[in-house]
Amino acid sequence: MPPGAASGLDAGRVAEVIVAGGAGTHRRGSGYLVAVGRVLTAAHVIRDARSIQVRFDADQPTEQVHRAEVAWVDPRIDVAVLAVGGDQQHVAWTDFGRVPERDAELRCSTMGFPAFKMRSGDDGTSFRDSCHAHGTCAVLSNRREGTLDFHVVSGPAATDSARSPWEGMSGAAVFSGESIIGIIGRHHLADGPDRLAVLRADRWHGQLTPDAARLLEDAIGVPLVPSRLTDAWHQAGGVKRTAAGPSLGRLVKSLAPEHALALEVHPAIQARGPDQKLDILPPYLQRPHVDDQLREAMVDAEDGSRLLMLVGGSSTGKTRAAWEAVRSWLSDGWRLWHPLTPDRPTAVLKALRSGRVAPRTVIWLNEAQLYLSPRPYGEQVAAALQELLAEEKVGPLLILGSLWPDYWKELTADPVPGEPTPFAAARALLDLATVIHVPDTFSEHDLRMHAQMLDTDPRLAQAGASVGGRLTQFLAGAPELIRRYRHAPVPARALLWAAMDARRLGHGPRLPRAFLEEAASGYLSDDEWDDLDDAWFNQALAYLSEPCRGARGPLTPIRPRPGSPEAGWMTYRLADYLEQHGNTERQLISPPAGFWDAAVHAATALDVRQLAESAHLRWRLRHAARLYTYAADQQDETALQGAVRLPAHKGWAPGADHSLTDLSRDVAVTQTDTETDELWVIGQEELRTLADAHETAEKQDEEMELLSPWERAESFESRTQREMSPLRQAAPDMVGAQALMAEAVQEGNTRLLLSLASIKELAGDPDSAETYLRRAAEAGYAIAFSDLARLRELAGDHDTASTYVLAAAAQGELRFLEVLVERRERYHLPAARWLAHRAADAGYAGILVRLAVRRTRAEGTDSEWVRLWRYGLTADGDISRPW
């Protein structure tokens, strides 16, 4: 049964359908609440109805009676869905099952209100009681009619009446195990009183037109394509259960190829050859260095629980590779479970606590950061999964996940002494993982190996003709996504920027319409805003939701399931490839004021708090304080700390110590807004720490006085050159080593580019060193940008050095950035300040704050540095007014 679905027949969801027809006629039927406000029943029950009522839990303390309207009906398949008015209980969506076309007998149950259950009350009134019927469905009976033959274990007594004793049972949902396999449709008197005909749910989709099938699926909130339904089966003694319910997931061998899309494999672009019918996914292209490791991991999982992580960029084929490995190499009996609802972390925690994860289960954690990052549940998920791996009695299990490199780096970063470790449990879990790195491109060897296969499918043929070996990205529509982004009209571009910034700054994947509309307006200039017409937002959405050659468009709507927390409001999802592209392209940009103002419309309190933290890290303190407060009002306890600390930072009682540069602190504060800048500065610990460091530096200066003038004048660069002289002298003798390294680089070992650059620099050939470093940067080594910045700075090319050091920062490489700010502070303060502001825009405000602390000590408490330190920045990067 899919995660998030209800567990079998629930008496509280069984509906008595009461219909008033013409000429004062009345009739009864049965139904089942399959989603919030949606009752499934038979179409003939509500035929010619003038009014409809549904009743739940008759004569019970929880009894409810509601008026109902027809939401969907099709007499041809005799199925109807009723929209129920009034207050509705929150219910999980219902799982539907398909029946095997073989010699099988299914244990089944149903509940309804048949005529033979008519009773008389003590007061003389009549009522129908419920009938909970158990029995079996013989799959191969009634094949011409297309129904299932439900043999009830204990039916009503035989009668000569032409009226069926089962009248009123029509529309009752029939369950096999945890899934609805159909509804009671009719009773053939000739079959006897203990047999009913069941309208099979796995036939409905094929009997309807595509539009009608889609409307039915919308009405009940679940897909009805047979391949996506849960397999129903019979076992002696009933469906196997644990103490808390059935085992999670579905048998891997029962999953159809198109199930890959439900596991978030990207759909491929559309292309068609002459008279060629294509499979839903193109043929799989193996990469030995990836697939061989996957095969070994699948084999190892048979012997004990394993954690396997595929790490690679967006649309590089991680999820498809995992899907193919699971289908190809796991033995019979393995199940696959993809936790999704009500949200990913909660789904995992609830399932693990229930004990419903059976041995030989694949726990599918695609985009594992969505399970491990959200606070506070991400750390709980990580700890629970680590315990699961260590618990031998529930194994073997395979936890199979994927991550982008940036998320892997974030979740596995080494702790910094004295600073908080937000992902300690995730780091401990991922330390146990077998890691398979999936490259961005297919190598020339890979392409030669698959040359013939590329010609068998027009989608592969087009991808193979693309430059650079980026086949998987091409198949996922990435080039078209980028083209759509580059050529977007002004309003659509603004909307995409708002979505990109929201995702990279911590908002979850569901982006609310209200948030996007208000945020996007902040990216438009006054002239652009004045030129818009009233329908600009809908036009922008239409442009961005249009599919890209069959793949999902840049920004597409998410259809909420009935009964889900998102039901009733519209959300949108940014394409994965554009999300990753935005992470890089916009890393150094802080959003406009309109974005921060719109953040109160984020999807959840957690999303608001994540955006508050991002504003905080960019030293947009006023915006951060407002968002922390809003999230705290929504009962987010973590946000409450920020809601208290930020106002305290700008002013509190003398003697209190509440440093904002140490984000781990959480202490009670007494706020006062009356302090002068001078009194405020006196209370800051950072200044006292800086004074201690300055005193140590003065002692070192006194020691320098003992040196000769030329020794004191020797610069850092000249000392470095002098100390490296022996290595430089040896460098020319490393010709053979350089040749071997260059050969290894040609074979794909690009990390040696950094070593070659070092050798060239030591040999006094900075131009060649820079050539190697640029190649290393193109290969993805962020440290190469820092080294390029250092060489350009030493060469006096300060502008290019700034470009390189910010490129390094955009990839999380910060070591040289702060060094460069401190260096420029000594000889060109405006350049240092400009660079520190760019660091703050990128989320590294600590560099700017430390500069402000140093300048406050140097220039005094009446300088503007104090106000920057105290009140932060505006969205545009200016010093904020007091708030």
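## Helices H37 and H38

Helix H37 (residues 845-859) packs against helix H38 (residues 864-871) at an angle of about 145°, and their axes lie 8 Å apart. Helices here are DSSP runs (H or I, at least four residues; strands are E, at least two), numbered from the N terminus. Axes are lines fitted to C-alpha atoms, for helices over the stretch in contact, with angles from 0 to 180 degrees between N-to-C directions. The crossing of H37 past H38 is left-handed (the near helix is turned anticlockwise from the far one by less than a right angle).

H37 brings Leu-848, Val-849, Leu-851, Ala-852, Val-853, Arg-855, Thr-856 and Glu-859 to the contact, and H38 brings Trp-865, Val-866, Leu-868 and Trp-869. Contact means heavy atoms within 4.5 Å. These residues divide into nine nonpolar, one polar and two charged.

## Model and confidence

This is a predicted model: local features need pLDDT of at least 70, side-chain atom pairs count only at pLDDT 80 or more, and totals for chains, interfaces and linings use all residues. Residues are numbered from 1 along each chain as its sequence is written, and side-chain values use heavy atoms, with hydrogens and water left out.

The average pLDDT (the predictor's confidence in each residue, from 0 to 100) is 81, and 82% of the residues score at least 70. Residues 234-244 fall below 50; beyond near neighbours in sequence, that stretch has 15 contacts in the model. Residues 652-674 are also below 50, with 46 contacts beyond near neighbours in sequence.

## Helices H6 and H8

Helix H6 (residues 344-354) and helix H8 (residues 377-390) pack at about 40°, with axes 9 Å apart. H6 passes H8 in a left-handed crossing. From H6, Pro-345, Val-348, Leu-349, Leu-352 and Arg-353 meet Tyr-377, Gln-380, Val-381, Ala-384, Leu-385 and Leu-388 of H8. The contact holds nine nonpolar residues, one polar and one charged.

## Aromatic pairs

The count comes to 10 aromatic pairs. Rings of Phe, Tyr and Trp (its six-membered ring) pair if their centres lie within 6.5 Å; planes under 30 degrees apart are stacked, over 60 edge-to-face, the rest tilted. Phe-96 and Trp-204 are edge-to-face, at 6.5 Å and 65°. Phe-96 sits in the loop between strands S6 (79-84) and S7 (97-98), Trp-204 in helix H1 (residues 201-207), 108 residues apart. Both are buried (under 20% relative accessible area; exposed is over 50%, partly exposed in between, with a 1.4 Å probe and protein chains only).

Ring pairs also link Phe-515, Phe-595 and Trp-596 into a cluster.

Conventions. Ala, Val, Leu, Ile, Met, Phe, Trp, Tyr, Cys and Pro count as nonpolar, Asp, Glu, Lys and Arg as charged, and the others, Gly among them, as polar.
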